[in-house]
Structures are given as structure tokens and as C-alpha cells.
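Have a look at the model first, then read on.

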Amino acid sequence: MLSTLLLIFKALGLTFKQLTIHLSLVLTPRLHRLTYRSVPHPKNIVIIGASFAGYHAARRLASTVPTGYRVVIIERNSHFQLTWVLPRFSVVGGHEHKAFIPYKGYLAPVAEGAYTWVNGSVGSVIVSDGDAPKGQGKVVLGESGEEIEFEYLVVATGAVASGLPSRVGVMTKVEGMKVLVGEQERIRAARDVVVLGGGAAGVEMAGDVKERYPEKNVTLVHSRERLLNRGYGEGLSRRALEGLEGLGVTVLLGERVVDGDHNLTGEVRLKSGGVVKCDCLVKCVGQRPNSGLVAKVSPLSVTESGHIRVRPSLQLADEACSRIYAAGDVIEVNTVQNARGALQQAEVVARNIVRAIKGKRLVVYRPNWWESATKLTLGLKKSVMYMSDGSAELIVSTKSKEELDSARVWKYFGLKPFNDTSKEKTI
């Protein structure tokens with residue numbers, strides 16, 4: 001009981017911390033504009049990827065770098081893709097456009113010349129050798145072959161998956177909306193839906209499908225003995241199981257699908273020998289770190305799981321790549337990987353690069369207990385807020401909007417919710 005009360009007080013204290021962070025985000029770029037001056041040939045701090053980690057690192061760096069440096073963001077997607085709404089928008093129509101947020105609004109307050117944006121992908125990273133500083137080098141763009149030199153590099157390439165509901169797998173808003181609508185139609189036409197994977201995406205997907213279409217048979221198959229086994233406490237696992245079973249979802253724990261050729265047979269076979277009817281298979285498994293660029297330049301810095309191995313400073317583990325940092329889903333870290341963690345890692349990366357430029361001692365990233373806090377939907381109307389400090393769990397029932405918290409993210413990035421003035425707006 002005492003540990004729970006202490007956790008509640010900690011949670012209340014987060015409100016003050018969030019206000020402090022917001023005030024810093026507002027004031028820092030405005031103060032920076034008073035001293036920063038654009039120069040003809042600045043030194044580049046290149047950021048590959050602009051999801052939560054990369055985009056926030058860009059904002060922080062462009063708001064703090066000294067004159068003579070600039071931030072170069074390289075991002076292949078036309079819009080910021082809000083991945084946590086994809087399970088919901090794969091089921092419920094009319095919200096597809098809300099998952100694709102126009103870029104650059106978050107960088108609007110920074111000083112002129114402090115950043116430049118490159119819409120493209122990186123084909124390779126080349127680290128200089130010889131007398132050049134460790135880790136200094138250049139990136140080569142995949143499409144044009146253009147080379148961009150860097151003094152510092154931030155790898156924020158995230159994770160990739162085979163498709164929905166984890167990722168849309170395409171680069172433009174128009175294509176992404178079409179993919180979501182296609183998934184909605186596939187689920188709508190099905191009778192027997194099988195969801196593979198009992199992580200957050202699988203739990204949310206199964207609950208949404210069953211509540212939106214109560215007449216369908218929905219089965220969730222998970223290989224572990226409890227749901228949400230990675231990084232979350234047993235209390236949330238029990239609440240998720242109760243919520244899904246209350247909706248009428250059949251949950252099979254400790255099971256694996258060994259024959260997923262349901263398109264031909266109308267069923268999937270389980271490792272135990274059982275058979276489940278299936279005319280729509282939804283895979284919520286198989287995400288993997290997008291670390292290929294680092295694996296080529298520094299194999300020592302990539303683990304067997306594909307995550308990038310980093311030092312506490314978030315520099316690559318390889319001493320020869322001391323000017324390369326990494327953050328977000330792509331790195332190996334002993335905590336739940338989500339947007340909160342990515343933002344905190346981006347803060348450390350930005351601080352350390354500026355400190356390195358100024359010759360100061362680097363700071364250390366230590367995961368905070370509140371980074372694993374999550375909001376889990378259990379159907380279209382209900383959700384639970386979860387947090388744990390390792391000694392106690394706090395689970396609070398809440399109501400969920402159909403569009404989830406997408407409007408809040410648009411506002412966070414400095415935009416009026418769902419007002420896209422870019423060229424790509426509709427299907």
C-alpha cells in the first residue's frame with residue numbers, strides 16, 4: 001500500500017516536470033535566435049530518421065548549436081507517421097489522415113539557417129580514417145548518390161515491420177492512407193480474424209476488431225504465458241486478458257501458429273495440434289531494428305537481435321565511431337521502447353553533441369521509471385493508464401476517443417490538429 005501511495009505522489013510530480021520541459025521547448029529556440037548566425041559553410045550534424053527520437057533531437061540541436069554548425073535532417077517519408085494509432089485506424093475508418101503529420105512545424109521556432117531538410121534515404125555511411133577525428137565522415141544518399149559530410153551523426157532509424165498494424169510500409173501520406181483503407185476493408189470482409197502476438201499492438205487490434213464487429217470470431221494467439229510480457233507488470237497483463245475476454249475475444253496463450261496459409265485452407269494450425277478458423281490473419285509480430293547502416297560501418301556496434309549497442313552517453317559502442325550517436329527503437333536499452341523513451345534519449349544525444357563541440361564532459365542516459373508508462377486501449381471506448389516504478393504498479397481505467405490522442409501529437413508538433421496544408425492531403 002505504501003509503495004502504491006509513493007508511486008501516486010511520483011506520478012503527480014510528473015506534472016511539474018512536464019511543465020518545465022514544455023517551458024524549455026518554448027524558450028530555448030527563442031533565446032538561441034538572439035545569438036545564432038547563419039554562415040556560408042557550416043559544419044554538419046546529420047540526423048538520419050525523423051520519428052520521435054530523430055525529430056526531437058533535431059529540434060533540440062537546432063535550438064542549441066553554436067554558430068558555425070547546422071543540423072541536416074534526412075527523412076524518407078513525406079509525413080511523420082504516428083505509429084501508435086495504426087492498430088485503431090486499421091479497423092475504424094474516417095481517421096486515416098490523422099496518422100500522417102506534416103513535417104517541419106516542430107522546427108518553426110528555430111533560428112534561420114540552423115537546420116536544413118533532405119527528403120530522401122541514406123544508402124551508406126562512410127567513417128573517415130587516418131588523421132580525421134574518430135567517427136567523422138559522410139553519408140551517401142541512396143537515390144542521387146549525393147554525399148553529405150558530417151562532424152556528428154545521429155542514427156534514429158527506428159524499427160521496421162512487414163506491414164500493418166505496426167507500420168504502413170510506404171513513404172507518402174497518400175499511399176499510407178490507401179494501405180489503411182485496404183486493411184479496413186480486409187477486416188470488414190472477414191468472418192474469422194486471427195491476431196498473432198500479444199504485445200500492445202496485438203491486444204489493441206484484437207479488442208478494436210471485436211468491439212467494432214461483435215459478430216466476427218476474433219482469436220489472439222500469443223507464444224508466451226501472459227500478454228504484454230515484455231517490460232510490463234503482471235497487473236497490466238491480467239487487466240488486458242480480462243478486457244479482451246470481456247469483449248468476447250478468444251485468447252490462446254503459450255501457442256504458436258505453424259501453418260499460416262489461411263488464404264488457401266481457411267484455417268491456421270497451432271503448434272499444439274489445434275486448428276483455428278481464419279480468413280484474415282493479422283500479424284503483430286516481427287518488428288526488427290533498422291540498423292543496417294550501422295551494421296555495415298561498425299559490426300561491433302550491432303547485437304545479435306539487430307539493435308545498436310551504445311555507451312551510456314548514447315555514442316556507438318565502437319570507439320572508432322565516437323562521433324556517431326543513436327536513439328529510439330533502434331538501440332539496445334533495458335526498458336520499454338516507446339515515444340517517451342525516445343524523447344528522453346534524444347535529449348541526451350542533443351546535449352552531448354553540443355557538449356562535445358564545446359569540449360565539455362558528456363552526460364549519461366539512465367532510463368527513468370516513468371518512460372515505460374503507457375495507455376493501452378481495450379476496445380473502442382475503454383483504456384487503461386499504466387505506470388510502474390519497479391516496486392508498485394498503478395493502473396487507472398480511462399475512456400478512449402476513437403481518434404485516440406492523435407490531436408495532442410499534432411499540437412505538440414506545433415500544428416493545428418488535422419490541418420495539412422502540404423500538397424498531399426487526401427487519397
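Buried means under 20% relative accessible area, exposed means over 50%, and partly exposed lies in between (1.4 Å probe, protein chains only). This is a predicted model, in which local features need pLDDT of at least 70, side-chain atom pairs count only at pLDDT 80 or more, and totals for chains, interfaces and linings use all residues. Residues are numbered from 1 along each chain as its sequence is written, and side-chain values use heavy atoms, with hydrogens and water left out.

**Salt bridges**

- A salt bridge here is a side-chain nitrogen of Lys or Arg within 4 Å of a carboxyl oxygen of Asp or Glu, and the count comes to twelve.
- Arg167 and Asp329 pair through their side chains at 3.8 Å, N to O.
- Arg167 lies in the loop between β10 (159–160) and α4 (173–189) and Asp329 in the loop between β19 and α9 (339–357), so this pair ties together parts 162 residues apart in sequence.
- Arg167 counts as buried because its relative accessibility is 16%, whereas Asp329, at 25%, is partly exposed.
- Asp420 bridges to Lys173, with the closest N and O atoms 2.8 Å apart.
- Asp420 sits in the segment after α10 (406–412) and Lys173 in helix α4, 247 residues apart; both residues are buried.

**A nonpolar surface patch**

- Patches are made of residues with over 30% relative accessible area and no salt bridge, with like charges joined within 9 Å and nonpolar side chains (Val, Leu, Ile, Met, Phe, Trp, Tyr) within 5 Å.
- Leu5, Ile8, Phe9 and Leu12 form one such nonpolar patch, with about 390 Å² of accessible area together (Shrake-Rupley method, 1.4 Å probe).
- Leu5 is partly exposed at 37% relative accessibility.

Conventions. Helices (H or I, at least four residues) and strands (E, at least two) are DSSP runs, numbered from the N terminus.
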